[in-house]
Amino acid sequence: MEGLTTRGGGEGLRHLFMTMFLTSFGGVIVIPAMTDVTLAALCPDQDQCSLAIYLTGFQQAMTGMGSVVMTPLIGNLSDRYGRKALLTLPLLLSVIPHVILAYSRDTNFFYAYYVVKTLAAMAGEGSFNCLALAYVADNVPEGKRGSTFGVLSGVGSASFVGGTLAARFLSTALTFQVAAVFSMIALVYMRIFLKESVPGAGGGAMTKPLLKEGQEPCLQQCEGDSSNITTGTFKKLPSVGDLISMLKCSTTFSQAAVVLFLNSLVDGGLMASLLYYLKARFQFNKNQFADLMMITGIGATLTQIFFMPILVPAVGEAKLISMGLLVSCISMFVYSISWAGWVPYALAGCSIFGVFVRPSICSIASKEVGTTEQGMVQGCLSGISSLANIISPLIFSPLTALFLSDEAPFSFPGFTLMCLGLALMAAFFQSLMIQVVPPIAVCKTSSNHCTETMV
């Protein structure tokens, strides 16, 4: 980690990584058990349940709807009041749902969990990752930011491995108790050890801000010497217009945002369909789900922590995005025609390429804005992902329920996964258009038009 401490944030990053591990561990450990718990509460003694698929999709859509509003807002507030203060909200909200299912998983308690989890996720889902990325951007220079984003994601993947491994050997009741304890420890640890990060304190920003106080028609006005440009902070809450302005004034940011949207659309579709597909197709249970997740997590951890810091300087973020999307697209098509129970295990190793995508996009976007806008831009990216998570279950949950039922128009249980593969193909072709060149936005106030010049 010595290479990541240029601005003196090494200790803070270590505490951030520990907080990431603890809270992600608490969230991941319950995932393998949730499919069985949901089916047991809603459709006892059944391997396929349309109600469970629809409720999962509805929760995912509502979560995305809340996140579209909350993540840009929380990211923007963190630019003004600091990252640590705002991190408290998502960590606190993550504790309550685990406590409910730790007490009981009967039908009534499941519905109580469902309501509380939905409301908590609407308020806090995505906010932690948004703030963690902004914290990293505050403390790491641009040249090493992509690698550090990869390490941060790798820590999350390591917790993914630890959580699924623990779930493999713990009973369902104990799983939720452990999740509640780890979520509480994460909150307390963060409040005690993590140092506050002040946006822009590191100085020496290489990129000028896209947004500036008092500029409505344009994002930024550049006149003459760039040293005359001052970095402003938001005096107002973020709006859709702010996001549209960023998309207009940075071609690179807009292209990366499209790729992120499509990739998030696929991620949301997998959340809504994959486990139910495996349950119906091969009768997978909690232990087999945990095995698959552990294989995926180990590959992701090794890739993000050890390989990504080497590959980012060597080939660049844009090529890593394209590589990850291409391999993910091919594996998704194979997933859709899985002919035996061992095929998902074989394909789980392809996740080592898919994990390149999101950290690389976050790194590209981070370099497009100034130091006082890191929270805002990461919040906007989270908002874009959340928008995809609203749309995705509305499309793929009914599609999954239809093609896993006896009323399917033709026999193709993996049809939903094939559609997700097509979305990844579109994302791949869009990623080929990304050109990572540091932009300086130039506003022509007379025509209210923004253009880009390259440095």
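User: Which residues of α2 are the buried ones?

Analyst: In this predicted model, the buried residues of α2 are Pro32, Ala33, Met34, Thr35, Val37, Thr38, Leu39, Ala41 and Leu42.

User: What makes α2 "mostly covered"?

Analyst: Buried means under 20% relative accessible area, and 9 of the 12 residues in α2 are buried. That's why we call α2 mostly covered.

User: How do you know what span is expected for α2?

Analyst: You take 1.5 Å times one less than the number of residues. Helix α2 runs over residues 31-42, and its 12 residues give an expected 16 Å. From first C-alpha to last, α2 reaches 17 Å, close to that.

User: And how far does α3 reach?

Analyst: Helix α3 covers residues 50-81, 32 residues in total, and reaches 44 Å where 46 Å is expected.

User: Where is the kink in α3 centred?

Analyst: On Ser67, with a kink of about 35 degrees. That angle is taken between axes fitted to the seven residues ending there and the seven starting there. After α3 comes Gly82, with a positive phi near 100 degrees.

User: Why is α4 called roughly antiparallel to α8?

Analyst: Helix α4 (residues 83-103) and helix α8 (residues 172-193) pack at about 165 degrees, their axes 8 Å apart. Angles over 145 degrees count as roughly antiparallel, so α4 and α8 get that label. The crossing of α4 past α8 is left-handed.

User: Which residues make the contact?

Analyst: Contact means heavy atoms within 4.5 Å. On α4 the residues include Leu87, Leu91, Val95 and His98, and on α8 they include Phe176, Ala180, Met184 and Leu187.

Terms used
Residues are numbered from 1 along each chain as its sequence is written. This is a predicted model: local features need pLDDT of at least 70, side-chain atom pairs count only at pLDDT 80 or more; totals for chains, interfaces and linings use all residues. Side-chain values use heavy atoms; hydrogens and water are left out. Helices (H or I, at least four residues) and strands (E, at least two) are DSSP runs, numbered from the N terminus. Buried means under 20% relative accessible area, exposed over 50%, partly exposed in between (1.4 Å probe, protein chains only). Axes are lines fitted to C-alpha atoms, for helices over the stretch in contact, and angles run from 0 to 180 degrees between N-to-C directions. Angles under 35 degrees count as roughly parallel, over 145 as roughly antiparallel, 65 to 115 as roughly perpendicular and the rest as oblique. A crossing is left-handed if the near helix is turned anticlockwise from the far one by less than a right angle, and right-handed if clockwise.
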